[in-house]
Each structure stands twice: as structure tokens, then as C-alpha cells.
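I am opening this notebook to keep track of what I looked up, entry by entry.

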Amino acid sequence: MKPKLLAMLFSIPFISLTSPGALAADSPDYAAILQSAYQKFKNDNRGKVADYIPALAAYSDKNYAIAIATVDGKLYTAGDTQKIFPLESLTKIFSLSIALNQHGADKVLNELGANSTGLPFNSGLAIELRPERPQNPLVNAGAISTVSFINAKNANDRWQQIIDNMNAYADAKLSINLDVYHSESVTNQHNQALSRLMMSYGRMYSNADEALDIYTKQCSVSATTEQLAKMGAVLANAGKSPFTGKQLLQQQYVPNVLSEMAIAGLYDGSGQWLYNVGVPAKSGVGGGMVAVVPGQYAIAVYSPPLDKAGNSVRAQEAISYVAHATKANLYDSH
């Protein structure tokens, strides 16, 4: 081989397509795929807006938005992506992330668990059947326990850690919807029972009433679809925000969060979702949903009408469409 040609070959930079922050040159046309998904499902209002928390019933079933955030810091949006909505159970991901950073994967597994309960997300029976741990941090009992598990000097410190962490993930200062917070606080008798039951089995790690109040406040934190996509992109990018460059979750713990999302992110619908779509996701009864494709992107959808398991109908449809269009199924070698 001629010296000049050899020198040219060795001057070509190497790009790892599997490393966070690097996308293939032939990456999908996210903008076109997202617009197609938006148009395809924009008139589908199936499902029912949550009303067991009275403040949530005020949100329109017409609200619909999609956002994709890639690991190289690009955003693609369609619909009402600046409308703010309560994150609700989506916040469980981020309190879990704090617990992992503080305690490590082994202790989180031992104290909080990583199993599906096979029962509704607010089941007390699930605790009674297996009281050695709450089974996973993404059902209500496990999420309340997770809040109590965060190391803190006092209640104010615990809350500040939680909101600061979510702000860092979103690259924004998120707000608390006080109407939702108060509405949940006066109707959360079931969660009060769960926290007391967990306490009776030694699975609350701070004052039970304090942890429940912080958990309730955490659920009332609101964000836009665009901000939620950016939060998910941190997990797609090995724990580092593609938008700020900050390492928010230790890289070694990212698979643990994604595993918990795969196990229980859609509650009773988690197994069917993983079977059909093959990407970890998390929903919230406020109508938001986020899915993560490691090393590539996160997609967030907001649409309030829910199915019987408490998951947004239209969000599942739109994310499934995008995941298939981008060949994102983690279990498909093709």
C-alpha cells in the first residue's frame, strides 16, 4: 500500500456507535418519524382522564405532545410541548436515582427490591404477601419507602435534594402544582395506609408521615413534555445530561434504574409493554410517559386519557410507533 494512502486511512477518526453521546451517521430521521406519530394519533382520545385525584380531572383529554431528546443534545417536538402537567409517578425514577447514588445497587436491591408485585400499583396486599421489602421502588409503597431511604438531615433537606435533582435532570427550574398537591394530600388515605403498613414491617427509614408528605409533594412537581424528554435523555446517555454535561447518576447505576422501569414502569401493563415494544418506560397518572433507548434517545409523550392500569393510551401508541420506526427494541438483534 502506498505511504500516502496508508496515512489517509489512519487519519480517519474512529467513532463508536454504541458509546453515549455518539449517534450513527445513518441515524433515524427523528423529525419525520415524530411528526408521523403525532399526526397518526392526534385524534385518538380513548381512555379516561384520572379523577380519583380531583385536581387531575381538570386537564383536557385533547392535550397531546411528543418530544424526543437524543444523546447528542438534539430535541424534536410536536404538539403542545410547552404545556405543563403533573409528573406524578414519573418522579419515582428520580428519587430512586438519588437512593442509588447514595447507597449503591446492592443495598437498594436488598431494601427496596426489583420484582413485579403482580398486583395494582397501590396494593396493600402486595406488602402483606412479601413483607421483607416493598418489591420495587416504582409502585406506591416502594416509592414512599424510597423517599424515606434518602439520606437527609431533616425533611427540608430531603425535599431540597429531590427537587434539586429533578431540576438538574430537566435542565430547568420545575414548579409544584399546589392545587394537585393539596388535592392529593386530602385524598391519599390509601397511601397513608401503605406507609403505616410499611412502617410496621420496618421498611420506612425516616418518619412515615414526613416521607409520605414529601412523596405527595414530589408527585405534584410539574414539567413540560420537552423537559421530561430531557430528563429521560440523562438515562439514555449513561447518567450524564446531554444538555449540561453534568453526570447526575453514576454510570454503573443506570442499568438498575432502567431495569426497574422495565419491571414495573407501566404497572399491570409492564409485561405486555416490554413484550411488544422492548424498551424501558415509565408512566404517570397525570398523562405523561417517558421511554429510554440506551445510547440513542429518550421519548416523552403527554396525553391525559388513561387505560385501566393507569397508563396514557395515546402515549403508549405514539412511543410504540416511534420505537418500531427506529428499530429500538432492545431484544431484537436486527
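**Helices across the sheet**

I then turned to helix 14, which lies across strand 1, strand 7 and strand 8 and runs at about 155 degrees to strand 8. I note for myself that all of this is read from a predicted model.

**The whole protein**

I looked up the overall figures next: the protein has 14 helices and eight strands, and buried residues make up 54% of its 334 residues. Its accessible surface comes to about 14300 Å², and 53% of that belongs to carbon and sulfur atoms. When I took the contacts with a separation of 6 or more, I found that residues 24 or more positions apart account for 70% of them.

In what order do the five strands of the open sheet stand? I read the order as 2-1-8-7-6, with antiparallel pairing. Strand 2 (75-79) and strand 6 (281-283) stand at the edges with a single partner strand each, so one side of each has no neighbour in the sheet. Neighbouring strands of this sheet are turned by 10 degrees against each other on average, if direction is ignored.

I followed the pairings one by one. Strand 1 and strand 8 run antiparallel and are joined by six bridges, and Ala65 stands opposite Tyr302 of strand 8. Strand 7 is likewise joined to strand 8 by six bridges, again antiparallel, and here Val292 has Ala298 in strand 8 as its bridge partner. Strand 7 and strand 8 form a hairpin with three residues between them, and in the turn Gly295 has a positive phi of about 80 degrees. Strand 6 is joined to strand 7 (residues 288-293) by three bridges, with Ser283 having Met289 as its partner in strand 7.

**Enclosed elements**

Why do I describe strand 8 as largely enclosed by the rest of the structure? I do so because six of its six residues are buried. Side chains in a regular strand alternate between the two faces of the sheet. In strand 8, Tyr297, Ile299 and Val301 point one way while Ala298, Ala300 and Tyr302 point the other way, and all are buried.

**Two single residues**

I looked up Asn311 in the loop between strand 8 (297-302) and helix 14 (313-325). Is Asn311 buried or exposed? Its relative accessible area is 0%, so I record Asn311 as buried. The side chains of Asn311 and Ser283 are joined by a polar contact of 2.5 Å, and this is the Ser283 that has its bridge partner in strand 7. Beyond its neighbours within four places in sequence, Asn311 is in contact with Leu266, Tyr267, Gly269, Ser283, Pro305, Leu306 and Gln316.

My last entry is Ser320, which has its place in helix 14. Ser320 has 18% relative accessibility and therefore counts as buried, the cut-off being under 20%. Not counting residues up to four places away in sequence, Ser320 touches Trp273 and Val277.

Technical notes
Residues are numbered from 1 along each chain as its sequence is written. Side-chain values use heavy atoms; hydrogens and water are left out. Helices (H or I, at least four residues) and strands (E, at least two) are DSSP runs, numbered from the N terminus. Buried means under 20% relative accessible area, exposed over 50%, partly exposed in between (1.4 Å probe, protein chains only). A polar contact is a pair of N or O atoms within 3.5 Å; within protein, one must be able to donate a hydrogen and the other to accept it, and residues adjacent in sequence count only if both atoms are side-chain atoms. Contact means heavy atoms within 4.5 Å. Accessible areas come from the Shrake-Rupley method with a 1.4 Å probe; for residues, only the protein chains shown count as cover. Two strands pair if DSSP finds at least two bridges between them. Axes are lines fitted to C-alpha atoms, for helices over the stretch in contact, and angles run from 0 to 180 degrees between N-to-C directions.
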